[in-house]
Amino acid sequence: MIRAFTIASGKGGTGKTTVTVNLGTSLAQLGKETYILDADIGMANLGLVLGLEDAPVTLHEVLAGKAKVEDAIYEGPNGVKVVPSGISLQGFQNSDPDRLRDVMRELIDRCDYLLVDAAAGISKDGVVALAISDEVILVVNPELSSMADALKTKILTEMVGGKVYGAIINRSGMENTEIRRHSVEDVLGVRVIDMIPEDPNVRRSTAYKTPVVIKYPASESSRAFRRIAADIAGMQYEEETEERKQNFIDRLAHTLFGGAR
């Protein structure tokens, strides 16, 4: 079954793009044909974190009617397909957010899963993304302002006829006065799919323009992303299998290279 998810939050800086990139890569690792689309046409970052900032054709050109969708699709890590937005203000000004519906319809015909990195707030392109996906995943930081804005986004989603799949608490542990999982569920009225811990490896992997699930696959954040991907795909994530795989790789490396670093 083809499913389209919009990754949304009420405010910027919650980690929507990081979640989109790593969740999409994790779904591709599970053998799912997965596309990720940067629908934040004003403040696009998805292409930047994957090294596609110089892509010759982006969603901007497609939304301006100057290019076809297939011309803006690029191969990403593990075979995930990426449709970046451009980073120029001129491209943003020429874009028509109403064309986003047609772009999504065309992409859905090509894949098992489509993840849409939506604009924060209540801009037109952000609202369109909330309305036309099958379900919305809210990305929340463990702080009151993030929760309040996520609640507004949930209400807006329901107002435009959308449905919220659940919430992801990103950067769990970033505050000493952390809001707990059950508190988020009580306030937002949706289940918490999982919690992604604060992890310096996420920032390190971004510097390499590589998803953390590839650059640091054994990290706690990578494990969380893979659990969420399994949840979405309706598959069982077996932590022990992952640990055995990592242990095997470590033993093999030790056998081949000894203690060399």
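Biologist: Is T6 buried or exposed?

Modeller: T6 is buried, with a relative accessible area of 0%, where buried means under 20% relative accessible area, exposed over 50% and partly exposed in between, with a 1.4 Å probe and protein chains only. This is a predicted model, in which local features need pLDDT of at least 70 and side-chain atom pairs count only at pLDDT 80 or more, while totals for chains, interfaces and linings use all residues. Residues are numbered from 1 along each chain as its sequence is written, and side-chain values use heavy atoms, with hydrogens and water left out.

Biologist: Where does T6 sit, and what does it touch?

Modeller: T6 belongs to strand β1, residues 3–8; helices (H or I, at least four residues) and strands (E, at least two) are DSSP runs, numbered from the N terminus. Leaving aside residues up to four places away in sequence, T6 touches V116, A118, A129, L130, S133, E135, V136 and I137, a contact being heavy atoms within 4.5 Å.

Biologist: Which polar partners does the T6 side chain have?

Modeller: The T6 side chain makes a polar contact with the side chain of S133 at 2.5 Å, and the T6 side chain also reaches the backbone oxygen of A129 at 2.7 Å. A polar contact here is a pair of N or O atoms within 3.5 Å; within protein, one must be able to donate a hydrogen and the other to accept it, and residues adjacent in sequence count only if both atoms are side-chain atoms.

Biologist: What about F5, where is that one?

Modeller: F5 is likewise placed in strand β1, and at 1% relative accessibility F5 counts as buried. The residues that F5 touches, not counting those up to four places away in sequence, include Y113, L114, L115, Y165 and I232. From C-alpha to C-alpha, F5 and L115 are 5.0 Å apart in space, although 110 residues separate them in sequence.

Biologist: How many aromatic pairs are there?

Modeller: Searching the whole structure gives 1 aromatic pair. That pair is F5 with Y165, in an edge-to-face arrangement with 5.2 Å centre to centre and 75° between the planes. Rings of Phe, Tyr and Trp (its six-membered ring) pair if their centres lie within 6.5 Å, and planes under 30 degrees apart count as stacked, over 60 as edge-to-face and the rest as tilted.

Biologist: Which parts does that pair tie together?

Modeller: F5 lies in strand β1 and Y165 in strand β7, residues 164–172, so the pair ties together parts that are 160 residues apart in sequence. Both F5 and Y165 are buried.

Biologist: And what lies over the face of Y165?

Modeller: R191 lies over the face of Y165, at 5.0 Å from the ring centre, and in another place K215 lies over the face of Y208, at 3.9 Å from the ring centre. A charge sits over a ring if NZ of Lys or CZ of Arg is within 6 Å of the ring centre and within 35 degrees of the ring normal.

Biologist: Switching to helices, how many residues of α1 are buried?

Modeller: In α1, 12 of the 14 residues are buried, so α1 is largely enclosed by the rest of the structure. Among them are K16, T17, V19, T20 and N22. Helix α1 covers residues 16–29 and should span 20 Å at 1.5 Å a residue, which agrees with end C-alpha atoms 20 Å apart; the expected span is 1.5 Å times one less than the number of residues. Just after α1, G31 takes a positive phi of about 90°.

Biologist: How far does α7 reach?

Modeller: Helix α7 (residues 144–159) has 16 residues and reaches 23 Å from its first C-alpha to its last, close to the 22 Å expected. The buried residues of α7 include S146, M147 and D149, and S146 has a relative accessible area of 1%. Not counting residues up to four places away in sequence, S146 touches K11, T14, V140 and N141. Just after α7, G161 has a positive phi of about 90°.

Biologist: Which residues have a positive phi although they are not glycines?

Modeller: N78 has a positive phi of about 60° without being a glycine, and N78 is in the loop between β3 (74–75) and β4 (81–83), where N78 counts as partly exposed at 42% relative accessibility. K209 also has a positive phi without being a glycine, of about 55°, and K209 is in the loop between α9 (200–207) and α10 (212–215).
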